[in-house]
Amino acid sequence: MTQDKPLRADARRNRARILAAAEEVFTEQGAAASTEEVATRAGVAIGTVFRHFPTKRDLLAAIMKELRRRLIERADALAAGGDPATAFYDYFAFLVESSANIGPVVGLLAEEGTEIEPGDQIMALANAFGALLEAAQRAGTVRADARLDEVMALVSATGHGAVAGGWPDDLRRRTVALVQDALRPR
């Protein structure tokens, strides 16, 4: 078994630009999005896109992995340096906002018949969110009886509702505020 060589600096930059452009294009255009548009927005040739991501499915899966990585990084940063009294609520809102980007990609992966294998990333996300929840509970800003699985269900339902219903930003923010209010101690 051979080990993959690390990418050169320019190839890493191209890959990052392709992923950023693809996330925008698929979020805006859904299934109608083309890899040619991704290449144009990334400022690379179509061959460069296919060299990094041979199929549309590979590109979508890489976007999903990158999105999950960013979610985990944000949780870790809030846990390390955020105010425990507010970090949980900031992250809750961030997760729902992020669903606007994740939703179209998940939908396209499902249309392609690709199973999303979250594995270690989802465990890391749950652990990081759990740490934020526990810190907020210790700070007295989240109900002591709120469990992580319940909070994850609320985030998931709110995020899914926002994506499926095409909620405008104002409705999404107001709904998040109402859901978060239910988590505050009485």
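**Arg-15**

I looked up Arg-15 and found this residue partly exposed, because its relative accessible area is 30%. Buried means under 20% relative accessible area, exposed over 50%, and partly exposed in between, with a 1.4 Å probe and protein chains only. The model is predicted: local features need pLDDT of at least 70, side-chain atom pairs count only at pLDDT 80 or more, and totals for chains, interfaces and linings use all residues. Residues are numbered from 1 along each chain as its sequence is written, and side-chain values use heavy atoms, with hydrogens and water left out.

I placed Arg-15 in helix H1. Helices (H or I, at least four residues) and strands (E, at least two) are DSSP runs, numbered from the N terminus. Not counting residues up to four places away in sequence, Arg-15 touches Leu-7, His-52, Phe-53 and Ala-62. A contact here is a pair of heavy atoms within 4.5 Å.

**Thr-48**

Next I checked Thr-48, which is in helix H3 (residues 46-52). Thr-48 counts as buried because its relative accessibility is 11%. With neighbours within four places in sequence left aside, I list Asn-14 and Ile-18 as its contacts. The C-alpha atoms of Arg-15 and Thr-48 are 8.6 Å apart, while the two residues are 33 residues apart along the chain.

**Second largest pocket**

I then looked up the second largest pocket, with a volume of about 180 Å³. A pocket is an open set of points on a 1 Å grid over the protein atoms alone, where a 1.4 Å probe fits, with protein on both sides within 12 Å along at least five of seven lines; lining residues have an atom within 4 Å of a point. Grid points are joined across faces, edges and corners, and the volume is the space filled by probe spheres set on the points. The lining consists of Leu-7, Arg-12, Arg-15, Ala-16, Leu-19, Ala-20, Glu-66 and Arg-70. Helix H1 (9-29) and helix H4 (56-81) each give two or more residues to this lining. H1 supplies the largest share, five residues.

**Aromatic rings**

I counted five aromatic pairs. Rings of Phe, Tyr and Trp (its six-membered ring) pair if their centres lie within 6.5 Å; planes under 30 degrees apart count as stacked, over 60 as edge-to-face and the rest as tilted. Tyr-91 and Phe-129 make an edge-to-face pair, 5.3 Å centre to centre with 65° between the planes. Tyr-91 lies in helix H5 (residues 84-111) and Phe-129 in helix H6 (residues 119-139), 38 residues apart, and the pair links distant parts of the chain. Both residues of the pair, Tyr-91 and Phe-129, are buried. I noted one aromatic cluster formed by Phe-88, Tyr-89, Tyr-91, Phe-92, Phe-94 and Phe-129.

Two charges came up as well. Arg-74 lies over the face of Phe-94, 4.3 Å from the ring centre, and the charged end of Arg-184 sits over the ring of Tyr-89, 4.0 Å from its centre. The rule is NZ of Lys or CZ of Arg within 6 Å of the ring centre and within 35 degrees of the ring normal.

**Ala-136**

I found Ala-136 in helix H6. Ala-136 is buried because its relative accessible area is 0%. Apart from neighbours within four places in sequence, Ala-136 is in contact with Pro-84, Phe-88, Thr-141 and Val-142.

**Whole protein**

Last, I noted eight helices and zero strands. Of the 186 residues, 38% count as buried.
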